[in-house]
Amino acid sequence: MVDYDFYVNEYLGTELARDDFPGLAAQARWELERMKRLCRVEGGEEAEKLALCAMAEELGAYRKIYLSSASAGSVSVHYDDTARKNAPLRRRLLERAGTYLDIYRGVGA
């Protein structure tokens, strides 16, 4: 799995905080594994790490948009899970991953 040092030093990412990165990278990994089950995905290990960083950033941005409540006292945060499950997010994740990986859907040789 990709780590925060790779995100900062190789991908040159600045959008995600160190504490947020592991969870977002894990979500990105699950989505990439889902893509691999549904599509043919080609690219090396380096390309996959870059794709995971891009997807983690997309997930982080999406999380900020759909933050439904927060409080400061006991630090409680709630996200709207139904909004996160919609197709536009998966389409954006596919696009971000496709920047670094070759992803083929449908019938191919």
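**Close-up views of a predicted helical model**

View 1. Because its relative accessibility is 13%, Glu-58 counts as buried (under 20% relative accessible area, 1.4 Å probe, protein chains only). Glu-58 lies in helix H3, helices being DSSP runs (H or I) of at least four residues numbered from the N terminus. Leaving aside residues up to four places away in sequence, Glu-58 is in contact with Leu-89, Arg-92, Leu-93 and Arg-96 (heavy atoms within 4.5 Å). This is a predicted model, in which local features need pLDDT of at least 70 and side-chain atom pairs count only at pLDDT 80 or more, while totals for chains, interfaces and linings use all residues. Residues are numbered from 1 along each chain as its sequence is written, and side-chain values use heavy atoms, without hydrogens and water.

**View 2. The crossing of helices H2 and H3.** The axes of H2 (residues 21–38) and H3 (residues 45–65) come within 8 Å and cross at roughly 115 degrees; these axes are lines fitted to C-alpha atoms over the stretch in contact, with angles from 0 to 180 degrees between N-to-C directions. H2 is therefore roughly perpendicular to H3 (65 to 115 degrees). Among the residues that meet are Phe-21, Leu-24 and Met-35 of H2 and Leu-52, Cys-53 and Arg-63 of H3.

**View 3. The largest nonpolar core.** This core holds 27 residues, of which Val-2, Tyr-7, Phe-21, Met-35, Cys-53 and Met-55 touch the most other members; a nonpolar core is a set of buried Ala, Val, Leu, Ile, Met, Phe, Trp, Tyr and Cys residues joined through side-chain atoms within 4.5 Å. H3 gives the most to the core, with 10 residues. Beyond four places in sequence, Val-2 touches Phe-21, Ala-25, Lys-49, Leu-52 and Cys-53.

Conventions:
Helix = DSSP H or I, 4+ residues; strand = E, 2+ residues; numbered from the N terminus. Parallel < 35°, antiparallel > 145°, perpendicular 65-115°, else oblique. Buried < 20%, exposed > 50% of the residue type's maximum accessible area, 1.4 Å probe, protein only.
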